[in-house]
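Hi,

Here is the structure I promised to pass on to you. Have a look through it first, and then read on for what turned up in it.

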Amino acid sequence: MSADGPPLTPSPAPGAETELGAHTPMMQQYLRIKAEHAERLLFYRMGDFYELFFDDAQRAARLLGITLTRRGVSAGQPIPMAGVPVHSAEQYLARLVRLGESVAICEQIGDPATSKGPVERRVIRIVTPGTLTDASLLPEREERMLMAALPQGRLMGLAWLSLASGECWLAQTDAAGFAAEIERLRPAELLCPESFDPAQVLGTLGAADVLRGLALARAPDWQFDDTRARRQLSELLQVADLAGFGADQTPVAIGAAGALVTYAARTQGRDPSHLQGLRVHHGDTLLVLDPAARRNLEIIETLRGEPAPTLLSLLDHCATSAGARRLRAWLQAPLRSQAAAAQRHQRIGELTAGLAESLAPVLARCVDFERVAARIALRNARPRELAALRDAGDTVRELARLLAPAAGFADAVAALQPPDEALALLRAALLDEPAALARDGGVFRDGHDALLDELRGIDAGCDDFLAAMEQRERARTGIANLRVGFNSVQGFFIEITHGQADKVPTDYRRRQTLKNAERYITPELKAFEDKALSARERALARERELYESLLEALSAWVPAWQAIGRAVAEVDVLATLARRALALGWVAPQFSAMPGIEIRAGRHPVVQAGVERFVPNDCVLDERQRMVVLTGPNMGGKSTYMRQTALIVLLAYCGSWVPADVCRLGPIDRIFTRIGASDDLAGGRSTFMVEMTEAAAILNAATDQSLVLMDEIGRGTSTFDGLSLAQAIASRLITHNRAFTLFATHYFELTRLAQRHAGVINRHLSAVEHRGGIAFLHEVKDGPASRSHGLQVARLAGLPAPVVRAAAQVLEALESQSRADDAQIDLFADAGTPAEPFEPAMPDSAPAPDPALHAVAQALQALRPDEISPREALDLIYRWRAALAGDGSGG
């Protein structure tokens, strides 16, 4: 298969010859290559440096903090340039990729000694955020996905690929599903047709922020052609058609996959032959988490965007980087199938009897098999990675032996069979500790290749030859301090001090003058130099040739190494979950075909890990009670209680054990959350607009198998508007969606929902007031809360005491007015019976304060406590008390 894309070797842009003619020959070459990579930085190899010129140099200097200079002249102008050393280029590439940049690597492929003009160069690879394969550029414990999107009518064809592992997925969805998949997968790069603007499509849904931090690449529309893609993918996968992968019903996604593979081939300089088939992603196979739920539950990152404390940071004690990546993927894609999740529970149970602890040190010795296999397929694996693969054979066998007694791991044991022929080839070819890079030589054993041994012998004989020649020339010339040496700049030389210059033989030819000596060369030494240097260069070239042949031979076993990598990753995840379950006191959940959620003594896994004592709580939702209206004070634990319920359901359907004493779950298809308050300034949406948008998404998509968390809906607008909306949303969830719902609110009027709907119950988070303060018990109890304790929480937050006292006075006036008028609005009255309006009295219309109380307050305000004695303070207290009692003596 060919990439069908523009060739990596560039050609000049039409009409550019006249403009190019004003430049030097080297700059003409550079500009031709740069024209093919206008949107990328171009690393242009010159000796031991990668140079950048013109705008690239200025951009790189700004991004990398490297020196910007101006040297030489081309087309009559100085050339802005900046450079990075070849030996440390990877660290600069890593920084650029993290910034979302793409870089084209242009290497010298011609011989400077034989080139009449500029040395021939071409781009050998392109480094982009979504096509990383090099170990020094990839994060070990995260995937870097490349996604392609193709719109067709209301459909959106998606394909995503992890080039480092060879996994490729297809999906056909709509615009909302497009946003959800970006949120779930967090691809590093998005490839789109030139005619498609994803920001415009996602912006209409209010979801344009999912593109934030995502590198965007473009490809010609013709590369997304369905017919071309089918032919291309069938040839790459060596199949007659794609029906065997279940992809025949996803034509739009196949078009996206074709462009994806073309882009990958162009960046790597070769086809991704390690592609592990195609896997069609069906939305109904996963428990769906809406984007708000992913953020609010803090699965992968906190609400502040930090990696900890999160569910992943709590669980990720994986021994291998592949296991950590698989755990992350499981948490982001909980299963819909109870049977598949229960199989994981059962396998964790097999490991909890001590096997998980035995596996950990063996797993820690494993190589990242999938990524090394991918680099073999792409021909960029390094010698030490191959040596690690060779040395891991015994580790894989030991892992299989430990797992053999566990019935649930038969498939893993079958996969954990290292290819003996490949191991034998690696043992025969590689040194015990080969060089880091093949280009440096020192990779292959002596005896592996006769020609290499001969060239190495010549090179190794240099020291003996130089020592013998030095003794011979000293004897011939009578110069006792004559020295024969070598350096990489001058080559071989004979060094004689100036004081012995009169003894220099006539066949010596001066090569270099130093401060205190002269360096010479003889015809004999020149002949040996040509032979030795040629042998060294030929030996390095021979090793590079042998290394390419070795990678070609090993490519036949890439699928076997990939299978081992997948098995190791899965075993590591399950062993990690088993160890964490034992350490944290988690239990295996039980599934049922009957609808409902029963959690006894449930805990929030992340919060529990960060506190000394956590109060567990029950949560029961079933056909008789589908909604819990949850009341209680702020900081009382309502949000924690709701989140822990969702996290327990999530963990169970991921296949993990859960933080509870008992957990029984019926079918769950989605988890929705409406928690927290934040605006979207970039999208021009207020806090209330964000709140209503999320609520609308829930009402439009929740089913009778969904879990919905609603926290203080309606608080972003006026009291009556918010209360009315909250009541209407809650009623809709009860009567229409019939979802399992935890509905937290400070609107006590909503507690009357339980009187109108049989499926609603009231529960509250308990708290007690003590000496003007408040103590949160964090215990969920039946019935509504008696009050919200808002003033006590405000005092706890450090609000100034006068403000709290003023608020208490306002509250008392409002409550008194409400009791006097008995004017609480009836949200449940018939629409034709208008409720009497409620107009609370404000403090300026409240009854005037008592004159005696006012006099005492004035006296207290005028008092200077630091200027009176304790006795005087006591006297004042008695006088004020008497004044308030009515005897008039409190002046």
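Two residues are in contact when they have heavy atoms within 4.5 Å of each other. With that in mind, and remembering that this is a predicted model, take the contacts between residues at least 6 apart in sequence: 68% of them join residues at least 24 apart.

Some overall numbers next. The protein has 891 residues, and 48% of them are buried. It contains 31 helices and 27 strands. Its accessible surface is about 41700 Å², with 51% of that belonging to carbon and sulfur atoms.

Now to the inside. The largest nonpolar core has 107 residues, and the members that touch the most others are Leu351, Leu359, Phe369, Leu386 and Leu403. Helix H22 (residues 558-584) gives this core its largest share, 12 residues.

Helix H13 (residues 355-364) packs with helix H16 (residues 393-403) at an angle of about 175 degrees, and their axes are 10 Å apart. Angles over 145 degrees count as roughly antiparallel, so that is how H13 and H16 run relative to each other. On the H13 side the contact involves Leu355, Ser358, Leu359, Val362 and Leu363, while H16 brings Thr395, Glu398, Leu399, Leu402 and Leu403. By class, that contact has seven nonpolar, two polar and one charged residues.

Finally, a few backbone details. Most residues other than glycine have a negative phi, and most peptide bonds are trans. Which residues are joined by a cis peptide bond? They are Ala308 and Pro309, with omega at about 0 degrees. Pro309 sits in the loop between helix H9 (291-296) and helix H10 (311-315).

Phe54 is not a glycine, yet it has a positive phi of about 55 degrees. Phe54 belongs to helix H3 (residues 54-64), and its relative accessibility of 24% makes it partly exposed. Arg738 has a positive phi too, near 55 degrees. Arg738 is located in the loop between helix H26 (719-737) and strand S25 (740-744), and is partly exposed at a relative accessible area of 31%.

Notes:
Residues are numbered from 1 along each chain as its sequence is written. This is a predicted model: local features need pLDDT of at least 70, side-chain atom pairs count only at pLDDT 80 or more; totals for chains, interfaces and linings use all residues. Side-chain values use heavy atoms; hydrogens and water are left out. Helices (H or I, at least four residues) and strands (E, at least two) are DSSP runs, numbered from the N terminus. Buried means under 20% relative accessible area, exposed over 50%, partly exposed in between (1.4 Å probe, protein chains only). Accessible areas come from the Shrake-Rupley method with a 1.4 Å probe; for residues, only the protein chains shown count as cover. Axes are lines fitted to C-alpha atoms, for helices over the stretch in contact, and angles run from 0 to 180 degrees between N-to-C directions. Angles under 35 degrees count as roughly parallel, over 145 as roughly antiparallel, 65 to 115 as roughly perpendicular and the rest as oblique. Ala, Val, Leu, Ile, Met, Phe, Trp, Tyr, Cys and Pro count as nonpolar, Asp, Glu, Lys and Arg as charged, and the others, Gly among them, as polar. A nonpolar core is a set of buried Ala, Val, Leu, Ile, Met, Phe, Trp, Tyr and Cys residues joined through side-chain atoms within 4.5 Å.
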